[in-house]
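Let's take a friendly walk through a protein model. Have a look at the sequence and the structure below, and keep them in view as you read.

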Amino acid sequence: MKRFYKEVSTAPAEGGFAVLLDDKPVKTPGRNGLTLPTSGLAEAVAREWREQDQEILAATMPLLRLVNTVIDGVMANRAEVVKAVLSFGENDLVCYRTHQPPELLARQRQGWDRWLDWVRQRHGVHLRVVLGLNPVDQSQDALLGLRQAIEEFDDFCLGALHVIVSITGSLVLGLAVAEGVLKGGEAFQLSRIDELYQAEKWGEDDQAAKRSQALARELDKAVELIALVDAKGF
């Protein structure tokens, strides 16, 4: 799509802040108003619009895509999104350990055990850990604690959390990132302990490396969204 506007600005709007193109408020693909909860987030989205050249490229507007997803999807289907996020806790990456080799098991323990300790201390959630890939049923108390933690997030932070846990495969790591005690880049590396070990042994192909880089950038934007919303004071 060719660029059709000259000026980009932000302004207070009912319920938050709007992004304006030539003084006209932006709409989402679902034709909802693009109303954002903080001026910082509105300005960051406006910056993406300003940086467009003669052609508007959606791929260069990751924050806009995220907030559109929240407004058109999460707000209308919050219960389903909570359920989807919780499903990662039911089969959390950090609960599944390898039998062999011992070196990889040691890396998993070193990287993941402290975050299982954290979620137990922070949210009272004790998750069972197993060797191998056979599914383990987590207790109802643990799942209830995880659900309560998820439901504390507002819609924008919930949408960002969904992105983080989808990329890492771990609700434990996602909560730690969303609550500001774990950096997004570190969480991404922790989620790839197995892949990094295999790459050390056998090498990593170019396609896998490019996919990893793209996922890391997507995770970073979700973390940025949470910081800009700052709904919980982190």
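Asp23 is exposed, because its relative accessibility of 64% is over the 50% cut-off. You will find Asp23 in the loop between β2 and β3. Its phi angle is near 70 degrees, a positive value in a residue other than glycine. That is worth a second look, because most residues other than glycine have a negative phi. Please keep in mind that you are looking at a predicted model.

Asp22 lies in the loop between β2 and β3 as well. It is not a glycine either, yet its phi is positive, at about 50 degrees. Is Asp22 buried, partly exposed or exposed? With a relative accessible area of 32%, Asp22 counts as partly exposed. The hairpin of β2 and β3 has 2 residues between its strands.

Now follow the chain back to strand β2, which covers residues 16–21. Of its 6 residues, 5 are buried, so β2 is largely enclosed by the rest of the structure.

Which strands pair with β2? Strand β4, residues 35–36, pairs with β2 in the antiparallel sense over 2 bridges, and the bridge partner of Ala18 in β4 is Thr35.

Helix α1 runs through residues 39–50 and has 12 residues. From its first C-alpha to its last it reaches 16 Å, close to the 16 Å expected at 1.5 Å a residue. Its buried residues include Leu41, Val45 and Trp49, and Glu48 is on that list too. What do the buried residues of α1 pack against? They meet the strands β1, β2 and β4, along with the helices α2 (62–74), α6 (155–168) and α10 (206–229).

Gln52 sits in the loop between α1 and α2. Its relative accessibility is 7%, which is under the 20% cut-off, so Gln52 counts as buried. Leaving aside residues up to four places away in sequence, Gln52 touches Arg3, Tyr5, Leu57, Thr60 and Met61.

## A cis peptide bond

Here is another feature to look for: the peptide bond from Gln100 to Pro101 is cis, with omega near -5 degrees. Most peptide bonds are trans. Pro101 lies in the loop between β5 (96–97) and α4 (102–123).

## The whole chain

Finally, step back and view the protein chain as a whole. Its secondary structure comes to 10 helices and 6 strands. The C-alpha atoms fill a box of roughly 60 × 40 × 25 Å, taken along the principal axes. The chain has 234 residues, and buried ones make up 44% of them. Among contacts with a separation of 6 or more, 64% link residues 24 or more positions apart.

The chain exposes about 12400 Å², with carbon and sulfur atoms supplying 51% of that area. How far apart are the mean positions of the positive and negative charges? For the 27 positive and 34 negative charges, those mean positions are 1 Å apart.

Definitions and conventions
Residues numbered from 1 in each chain as written. Predicted model: local features only at pLDDT ≥ 70, side-chain atom pairs only at ≥ 80, totals over all residues. Heavy atoms only, no water. Helix = DSSP H or I, 4+ residues; strand = E, 2+ residues; numbered from the N terminus. Buried < 20%, exposed > 50% of the residue type's maximum accessible area, 1.4 Å probe, protein only. Contact = heavy atoms within 4.5 Å. Areas by Shrake-Rupley, 256 points an atom, 1.4 Å probe, with all protein chains shown as cover. Lys, Arg positive; Asp, Glu negative; His and termini not counted. Charge placed at Lys NZ, Arg CZ, Asp CG, Glu CD. Pairing = 2+ DSSP bridges. Expected span 1.5 Å × (residues − 1).
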